[in-house]
Amino acid sequence: MIKELSLFNTLGKKKMPFVPINKEKVTFYSCGPTVYDYAHIGNLRYFTFVDTLRRTLEFLGYNVEHVMNITDVGHLSDDGDLGEDKMLRGVEREKKKQGKEFTVWDLAQFYTDAFIADSQKMNFLPPHQLTKATQHIQGMIDLIQSLVDQGYAYKTSKAVYFDVTKFADYTKLSGQKLDEKHVGVRDEVVVDEEKHHPADFRLWQLDQPDHAMQWDSPWGKGFPGWHIECSAMAMEYLGETLDIHTGGIDHIPVHHTNEIAQSEASTGKQFANYWLHSDFLRVDDEKMAKSKGNAYNLSDIMAKGFSALALRFFYLSAHYRTTLNFTWEALEGAQSAYENLWTQVMTARTLVAKTSYSGQKAEIIDEARLTEYVHKFTDAMLDDLNTPLAIAVLWEVIKSESTPATKIAFFEKVESVMGLSLLSAPTLYDDSFLDKATQTEVIEMVIQRDEAKAQKDYELSDTLRESITKKGFIAIDTVAGTIAIPSF
Ligand code: AMP
Ligand code: ZN
C-alpha cells in the first residue's frame with residue numbers, strides 16, 4: 001500500500017509527513033547558483049537533489065510551482081563586513097582568459113547560460129521561474145524598508161543591518177547558540193564599529209563605491225546583501241509561507257537562518273514549513289576547492305568520456321543526506337552500471353517492439369507484479385527520497401523473471417522520477433528511428449539470422465552477427481531470437 005510522503009525537515013530535525021498548505025499547488029523554492037563560474041560537481045549534486053524532489057512530488061500527483069534564484073549580484077564573499085567580491089574576481093579571471101573586456105553583467109549572463117546548458121544535460125526540469133536577483137532589487141528594498149519600519153533593521157554609515165537580537169529564536173534552524181555564532185563572525189571579518197551585535201547581518205551595503213553593481217535606495221546608493229534576495233523573490237512568487245525551501249547543508253547556519261529571520265520578522269508568519277538540505281560532495285575524501293584543482297565541472301567530466309547521466313546515476317546511488325565521496329573510479333563504476341541498466345532496458349523494449357513488428361501476439365502485462373513493483377519503488381521514494389533503494393528496485397525488476405512487457409510497463413511508470421532517459425532512445429523497430437536505411441538493413445539481418453539459427457547454420461549466423469555489429473548494434477541472443485540494440 002502506498003504510504004504518505006515523509007521528508008526530513010531540518011526545522012525540527014526529523015522526518016515528517018509532508019502536508020502541503022494547498023493540495024492543489026505545492027510551493028517550492030530552491031536556492032540557486034551564484035553565477036561567477038561554472039557549477040562544480042558539488043553544486044550539481046545539490047541540483048540533482050532539487051530535481052529529484054521536484055520529480056517525486058509531480059510523480060505523486062502534486063502540481064508544483066518551482067522557483068529558483070540566480071545570484072547575479074556581486075557579494076562580498078564572507079558573511080561579515082568586508083571580503084572579496086566573487087563576481088569581481090570572476091571578471092578579472094575572464095578578462096585574462098578571454099583577452100577582452102568583460103563586465104560583471106557579461107559574467108553573470110555567460111555563467112547563467114552555462115548553468116542552463118548543464119541543467120539540460122543533467123536532465124533537470126526547468127524551474128517554473130528562474131529569477132535573477134538583479135531584476136528584483138525593488139522587492140528587496142521594499143522588504144528591507146518593512147524591517148526598518150518595524151524596528152528589526154538599522155543603518156550605520158556602511159550598511160543597513162538586521163538586528164538579530166530583536167528576532168526571537170534567531171538560531172532555531174541550526175540549533176546553534178547565538179554566542180557560537182559570534183565567534184565565527186568575529187574570526188572572519190573586519191568589524192563595522194557601528195554594528196550593534198556581531199551576528200547582525202547586512203541587508204543593504206553602502207559605502208562601496210568601486211562595486212560594479214549599484215542601485216539607489218532610501219538609505220543611499222549600494223547593493224543588497226545576499227540573503228535578502230531569496231526572501232524577496234520567494235515571497236513575491238510563492239507567497240509569505242512556502243511549503244518547501246531547499247539548499248545545501250552549508251546554508252543552514254547562515255543563509256537560511258537569515259532568510260527565516262528577515263522573512264518572518266517582516267510578515268509575522270512562518271516562512272517555510274519544510275526546510276530540506278542536501279549533504280556535501282567530497283572529492284578523494286577531501287573538501288572540494290578551486291585551489292586544490294578538485295572542483296571539477298561538467299565539462300571536465302564529459303571530457304573524460306563520462307556522460308552527464310552517468311554522473312546523475314552516481315549521485316542518485318547515494319541518499320541526499322549522506323556525504324558522498326567522488327573518485328574517478330567510483331564514477332567509472334556508475335557509468336558502467338548505468339550503461340548496463342540502459343542496455344537491459346533497451347533489450348526488453350526491443351523484445352516487445354520486435355514481437356509487435358513481427359505481428360505476433362503481444363505479451364501480457366502481469367498487472368499484479370507491476371503493481372507490486374511500482375509500490376516498492378514508490379515506497380522507497382516516499383521514505384525521504386531513498387534513491388539508492390529505488391535504484392535497487394530498478395535492478396530487481398529488470399533482472400526478474402517477469403515478462404519484458406511487464407518490465408517496460410514498470411519503467412514507463414517510474415521513469416519520470418529518476419530522469420535517467422532509459423526510455424527515450426528509439427528501438428530498432430520504432431518509427432522514430434532516424435536512419436531509415438540502416439533500420440531496414442538491420443531488421444532484415446535480424447530476420448536472416450533468426451532463420452540461419454533455426455536451420456542450425458551457425459557460420460551464417462556468426463557472419464550476420466558481425467554485420468549487425470558493424471552497423472553499430474549489439475546482437476543479443478534471447479529466447480525470442482536475435483535482439484539488435486544500438487550500442488550505448
Ligand atoms: P553556490 O553556487 O555557491 O551558491 O552553490 C549552489 C549550491 O551548491 C548551494 O546550495 C550549496 O549549498 C551547494 N554546494 C556547494 N558546494 C557543495 C558541495 N561540495 N557538495 C554539495 N553541494 C554543494
Ligand atoms: Zn537562497
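# Cavities and salt bridges in a predicted model

The structure contains 2 cavities of 30 Å³ or more, a cavity being a set of points on a 1 Å grid over the protein atoms alone where a 1.4 Å probe fits but cannot get out. This is a predicted model, in which local features need pLDDT of at least 70, side-chain atom pairs count only at pLDDT 80 or more, and totals for chains, interfaces and linings use all residues. Residues are numbered from 1 along each chain as its sequence is written, and side-chain values use heavy atoms, with hydrogens and water left out.

The largest cavity holds about 110 Å³ of space, a volume being the space filled by probe spheres set on grid points joined across faces, edges and corners. Its lining consists of Arg45, Thr48, Phe49, Thr52, Ser278, Tyr315, Leu316, Ala318, Tyr320, Leu385 and Thr387, where lining residues have an atom within 4 Å of a point. Helix 1 (41-59) and helix 9 (308-316) are the elements that give two or more residues to this lining; helices (H or I, at least four residues) and strands (E, at least two) are DSSP runs, numbered from the N terminus. Helix 1 contributes the most, with 4 residues. Because domain 1 (6-278) and domain 2 (288-424) both give residues to the lining of the largest cavity, this cavity lies between them; the domain bounds come from an automatic or database domain assignment.

The structure also holds 22 salt bridges, each a side-chain nitrogen of Lys or Arg within 4 Å of a carboxyl oxygen of Asp or Glu. Three of these pairs are listed below.

| Salt bridge | N to O distance |
|---|---|
| Asp37 and Arg93 | 3.4 Å |
| Lys97 and Glu94 | 3.6 Å |
| Arg449 and Asp477 | 2.9 Å |

Asp37, in the loop between strand 3 (26-30) and helix 1, and Arg93, in helix 2 (residues 86-98), are 56 residues apart. Asp37 is buried at 14% relative accessibility, whereas Arg93 is partly exposed at 28%; buried means under 20% relative accessible area, exposed over 50%, and partly exposed in between (1.4 Å probe, protein chains only).

Lys97 and Glu94 both belong to helix 2, 3 residues apart, about one turn of the helix. Lys97 is exposed at 54% relative accessibility, while Glu94 is buried at 0%. A network of salt bridges links Asp37, Arg93, Glu94, Lys97 and Lys290.

Arg449 forms a salt bridge with Asp477. Arg449 lies in helix 14 (residues 436-454) and Asp477 in strand 14 (residues 473-478), so the pair ties together parts that are 28 residues apart in sequence. Arg449 is buried at 2% relative accessibility, and Asp477 is partly exposed at 39%.

How values were computed
Chains are lettered from A and ligands numbered from 1 in the order in which they are written. On a 1 Å grid over the protein atoms alone, a cavity is a set of points where a 1.4 Å probe fits but cannot get out, and a pocket is an open set with protein on both sides within 12 Å along at least five of seven lines; lining residues have an atom within 4 Å of a point.
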